[in-house]
Amino acid sequence: MKAFFLSTLFLMCSLLSFSQGKQLQGRIVESDTKKPLAGATISIVGKNASAVSEADGSFNIKVNGKTILVVSYVGYKTQSVDVTDKSSVEIALAKDVSDLEAVVTIGYGKAKKKDITSAISSISGKDIKDQPVTTVAAALQGRVPGMQVSGGGNEPGAGTSVKIRGINSITQGSGPLYVVDGVLITGDIREINPNDIESIDVLKDASAAAIYGSRASEGVVIITTKKGATGRSSLNYDGYFGMQKLYNGKGYDFVDNIDDYVKIRMAGWADEDPKAWSPDSASTMAKIFSAPELQSIKDRKWYNWEKAVTQVAPMQSHTLSYSNGVGKNKFYLSGNYLNQDGIIKGSNFLRYSVKANVESEATANLKIGINTNFSHIVNNVVSNEVYYNAVTMSPLWPIYDGNGDPSVLLTNDGSQVSVNNPLTMTKSPMADIQDRNIMNVFGEYKIVKNLLFRSNFGIDILRQQKFEYYPRTTSYGFQVGGDAKVQNWGYRDYVWDNTLTYDWQPRKDHVFNLMGGVVLEKRRQEWDYIEAQGFPSDDLTYKNLATASNKTDIQSDYFNRMNFSQMARAIYKYKGKYILNGSIRHDGSSRFGQNNTYGTFPAISGAWRLIDEPFMGAKIRSIISDAKIRVGYGIVGNQNLPDFAKFNKMTPSSYPYNGSSQTTGYQLDPSVLGNPNIRWEKQKQFNAGFDLALLASSRIKLTFDYYNKNIDDVLLPVPLSPSMGVGYEYMNIARMNTQGVDLGLKLSLVQNKNFDWQMDLNWSKYKSQVKSLIPGRDSLSPYLKVGEAPNSLIVDYVYDGLYQESDKGSPIMASQHARPGDVKPKDLNNDGVINQYDRTIVGRTTPKAYGGIWNYLRYKRFSMTVLASYTYGQDIANKAYQDYLYETDTRRRVLKEGLNYWTPTNTNTNVPRPNVFSRSIYTLPSGSSSYIVQRADFIRVRNITFSYDFDQALLSKARMNTAKVYVQVQDPFIITKYKGIDPEIGVGSMDVYPRYRSFLVGLQLGL
Amino acid sequence: MQTKQSYINRALVIFAATSLLLGSCSKQLDIKPESNPSPEGVYKDAAGARAGLTGVYKQLQTWKKSEDYFVGVLGTDEARGSSFVGTWGGYWTHVASISSYNSLYSPQNQVLQDTWSVLYQGVYNANIAVGSIPSINASAEVKNKMIGEAKFLRSVFYFSLVQFFGSVPMPTEVQDPSAIAKGGYPKSPVDDVYRLIISDLKFASTNLDPKSVAGIGLANQEAAQALLGKVYLTRGQYDSASIVLEPLMSSASVGLMTNYADLFKGAHENNQESLFEIQYSNDNNNTNNLANAFGGWYLPNTKPGGGGEEVIPTDYYDTCFESNSDTRRAASIHYELIDGSGTDWITAYWWWGTAGKPHFAKYDINVGDGAVNGGKSPHNLYYLRYADAVLMYAEAQNELNKTSVALTYLNKIRNRATLPNWEIKLGHAPSQAEMRAELLKERMRELGMEGWRWCDLKRTGKLLSQTIAYNPDAAPTMETKHLLMPISSKEFETNSWLTPSDQNAGY
């Protein structure tokens, strides 16, 4: 009580003392350089008083009691400072990186965002940090207008498919070109730790990407990793721990009781011959079911296979990084450990990566540096057969044998494994081990002021090993006494680029930036493969192939590849508001045909900064804070043709002339007929767009782009008819067009001290069309047609219900030898025969549009982000659904809907009569029909993150700079009508790895 | 200012130097495949041509190693699919339809499509050999022998194509540039295909070494003569057939083996009766799957492994032998079937439609064959053997109204099987019609499941009647259109010469 009184008194005294008011003296400086900032506005929260800083950065303002200053300045982050009880203050303003002054990497150079003339989107390291993800591609998911990132699978370590602006090629698409600190990367980038990323710049249109010439047709993703900062030491920890849980949404609803399962399996046999396989007879049962199954029926035992192979799986990631700048040397070091178990037992993704970036100003004119990134990945991959078998497995088979080992499910005669026990398969996953070194050394020499020579040498060394073992408890291993496969694959990519950059300002209003350079790239790639069978036991698995009695296979491959390029670029700015950017690249590639070694890729683009025009009066400026129009045109190439498609190849062959010992020789490669005239694909892309920011502090930012890409000389493996004896010849034969719009909207809905609500929305739409193929032909196969998007057609028979008793006697039914209850395809050309001409386009896999929605909400120190992405307008041929629905197999477990099968008395159904010989679908020569085509529109909430940032004042006591804790739910839910596992991935031959939800708890600390 | 100029000069020098350094690399852009030679790189000299020809023989081996072997065997009066096959789903339903001619016997049938493709891969490889060997560095004699081998093999591929599919595209070594633009070749009339086959075989029989001189396993003169005889027979040119087969009848270098059963034992591969044999060995990639496919590899080999049972004899084949004293019966069919666990299938699985039936024995793997497992048989397969030539000669003689000559040759085959002369069994001298029917039946007894049945029946106009009468799978479904097989739908998808009406009638 006494304490309360005293403190109240003290509080009142202090209030009294403040109410008298006083002058606060202050100074505003630029945070990095400590140079004074003149013209900054200083205001007091809740008061009308304000001041403007002088030329030396100083200001004076009258304060009274509890005072919070808000300092704002164009191009800098607005900052609020509590100055209660202070008489002088120095306030350092940090540059607002999200603003127009932010620097964008444009390929062999940098430019300010406001000077950009083409479609480039950027993601900062902070954006990535806010939403922890395991891979860089996942960080881009749903964030960049025009960029479609979809999972390659749900299994840990699965790759991602990245598409920029729709379909850019018919068959040669391999995703964008990645450039990591100047090193050109092909393939996946799952080795890069997202925490190490400073920024990602996505060059979407040809006028931006053309500086990368013949490799840029699918856009360029430039990744810049973190560097140290002068005079600032920072030690950061970033980690999370989480659990993943199977979640297939509505998923499939399989038969879940013994009676129904037994009934449908017997029905499948009775349909074949109701006398021999009478559904009511015990002797039929004894024939159909194996001894263990009969026992289970007797004991009423039902085994949950799905549960046996899945688990609640942990995942964790820890990154420790340290950066510092001492004098003229700056460095950044980091290490990451990521370990993700899969929800299917046996699958796992483990990554160690270490990174060191060092930069040093050796002399006033010379800067040298090195960036390195080493990673080691161990990815245990289980076959998709595991989950497929688990859901379709006879639930009457015991999971374990008497010894507690996974049972081996032999056929009745014991001669083979009738079906792989999925649990067995989880115990011998394929180990995919990968080491990758991406590094570069560079030197920058300032020859004279404004003239910079830069030489950069980069290497990307990838070594991938795959180890597989199929024990004799699996069907293949059983036949051959264990089977081991070991593969080594790897390459060394070298890139050496030399550029000269000259900044030239002949007169006040004219600014030039000129760049010229040469680039050499080289690859050496090797692959070898060995397989051996017949092991004395399964104990050593793939670890000692010498113990195998039969060394089955040895293969290897080797090649070199080279590119050589020259390039030049000029950027011209007039009065800072008219900007022109022209570039040209001349590429030579060993992959092109002898007659086409070199290609030239020019581009030009311009921007007009409307906002800087005098006619934009103050009134307009109070509404519009930025306005820019961009127009560009460029030619980029795609040289992603198979190496040596220009040559006819002979592949190894052998023949034992005397019936015992083989003679080796050569046979023609049956896949490709060489074409010496082969060349790159040429994409001519026009881009027009604008950037608009509205309201004070740019609360609404809109970016709009329209693009039109004409892709000529599209490289096609033109299918040769089987009678040619060879599969394809690559030809630059087709033309296609892709056009579309990308829309990005950034909203700062609420922004004040306590509450923040930001929303990013993007929406992209494109249409891709094949314009022409070989002259005189409007299709090269049923799947590739003029007027349709390439690789998007689902071609099949049209489902027309089931044959009924009343159809008996119809010629078509007779020609199909069909019985009532069989699937009825439509005779589209009415010729009385069902053959391939009755197939038609029954679905399209390309979406109409896609995009993302990102929300950031903050209340005081609590914040929440929600990221969702969506795609609509696409179909999936869900063959798995048919397999699960129709009883066409001797053992498969079917869906509950499948119980509603056709019988002479149950004719109003879509499920054909059950038949173990699949006879009810013999009427479909392809085995499927339009019945399996399903719409796959979806909105997928990718993650929801709640976080709390600790008070800086509190932290400073603990000598910390930042501290944040968060919880995150990944993939919390999806809204879709699609019936399969994942509308984003579709269906694989054995269906796909199931989906899951992850719940994470994370911590970010900065010292 | 001068210093600035010198700096700029220095910059230009550095830049020019690096450009030049890199520029010199541009010559290196001409990189050739380092792990695969080109056809020109292979066909340089005799050794290279041998390496290339090895690849042509390989196509033959690939064609016959698995289910494609059954095209021409299944769906006849001698063989049917086992009731297991259809239950394996997918591809296997297509295998089963080769036996049952159901609606999956269609242009999209994977086995028929594969047969079509693999035969043309053989043609493609043979064409390159025929086209490349003339310019290799070797003597004309060596070259002609090798061209003879290539032409012999090409005729093997085309002979099957034309019999199975009728009029077919006919690429030769002279490439038609318009073919690539149109994705293929137009169909050539049946007569043209036979003209090429006959000219190839004539060239081969003139230029190839006789079997006594030619290396083991190589195409030889006798094989070319026998095949030419078969082609003439198929064309109904009995005179020509008789003339071309005649020298074989008196040849000293080829003849019947004494013991029929020895023909199918590993120790007797490439024997005196063999005219041309498709070679397999225990080397990986040189094995075939037929022991497994006929479900006969358990006996007496007891190694565990995948026991397929895809094809079984029809009852007609099983009972066609005159008596148990026909030694071919025991060599062709076995009546016990023991699985890996020692269970006798014939009793244990009596209720399985076909499991209780006897199985085909010629391609059983035996202990000592050294097979790794039942799916990897080293057994050679006959393409042509002397007994076939003898029966063909008999057929030609019979059609030329020399039934008594035919009888002599038929009796040679019967006697080897330890059967008495046929006129004794018959009780009178056979008429031409009796002889014709008997020869057809004798061909099944002698050459059962060796790959010729479908062609034999078709040649003699009995494909429909015999199959419908004796193959219960095919009886309800077989019709006239099945005298030709459907051409692969993939051919129509990519070969723009073809229109839907080029498909064989009824498909």
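Which domains does the domain assignment of chain A give? It gives domain 1, covering 18–93, and domain 2, covering 250–294. As you look at them, keep in mind that this is a predicted model. The C-alpha centres of these two domains of chain A lie 83 Å apart.

Let us stay with chain A and turn to its strands. Strand S15, residues 197–203, is largely enclosed by the rest of the structure, because 6 of its 7 residues are buried. Strand S10 (residues 120–124) runs antiparallel to S15(A), and 5 bridges join the two. Within this pairing, Ser122(A) has Asp201(A) as its bridge partner. S15(A) also pairs in the antiparallel sense with strand S16 (residues 220–225), this time over 6 bridges. There, Ser199(A) stands opposite Thr224(A).

Further along chain A, the surface has a nonpolar patch with about 860 Å² of accessible area together, including Tyr578(A), Trp608(A), Val631(A) and Phe690(A). Strands S29 (578–589), S30 (598–608), S31 (624–638) and S35 (681–694) each supply at least two of the patch residues. S31(A) gives the most, with 3 residues. Val631(A) is found in this strand.

H6(B) has 26 residues and reaches 36 Å from its first C-alpha to its last, close to the 38 Å expected. The helix is mostly covered, with 21 of its 26 residues buried. Gly166(B) follows H6(B) and has a positive phi, near 80°.

Charged pairs complete the tour. A search of the whole structure finds 81 salt bridges over all chains. One of them joins the side chains of Asp937(A) and Arg935(A) at 3.2 Å. Asp937(A) is partly exposed, at 28% relative accessibility, and Arg935(A) is partly exposed as well, at 41%.

In chain B, Asp77(B) and Arg453(B) meet in a salt bridge at 2.9 Å. This pair links distant parts of the chain, 376 residues apart: Asp77(B) sits in the loop between helix H3 and strand S1, and Arg453(B) in helix H19. Asp77(B) is buried, at 0% relative accessible area, and Arg453(B) counts as buried at 2%. Another salt bridge, at 2.7 Å, joins Asp388(B) and Arg443(B). Here helix H15 holds Asp388(B) and helix H18 holds Arg443(B), 55 residues apart. Both Asp388(B) and Arg443(B) are buried. Finally, chain B has a network of salt bridges whose members include Glu273(B), Arg328(B), Lys362(B) and Glu450(B).

Terms used
Residues are numbered from 1 along each chain as its sequence is written. Chains are lettered from A and ligands numbered from 1 in the order in which they are written. This is a predicted model: local features need pLDDT of at least 70, side-chain atom pairs count only at pLDDT 80 or more; totals for chains, interfaces and linings use all residues. Side-chain values use heavy atoms; hydrogens and water are left out. Domain bounds come from an automatic or database domain assignment. Patches are made of residues with over 30% relative accessible area and no salt bridge: like charges are joined within 9 Å, nonpolar side chains (Val, Leu, Ile, Met, Phe, Trp, Tyr) within 5 Å. Accessible areas come from the Shrake-Rupley method with a 1.4 Å probe; for residues, only the protein chains shown count as cover. A salt bridge is a side-chain nitrogen of Lys or Arg within 4 Å of a carboxyl oxygen of Asp or Glu. Helices (H or I, at least four residues) and strands (E, at least two) are DSSP runs, numbered from the N terminus. Buried means under 20% relative accessible area, exposed over 50%, partly exposed in between (1.4 Å probe, protein chains only). Two strands pair if DSSP finds at least two bridges between them. The expected span of a helix is 1.5 Å times one less than its number of residues.
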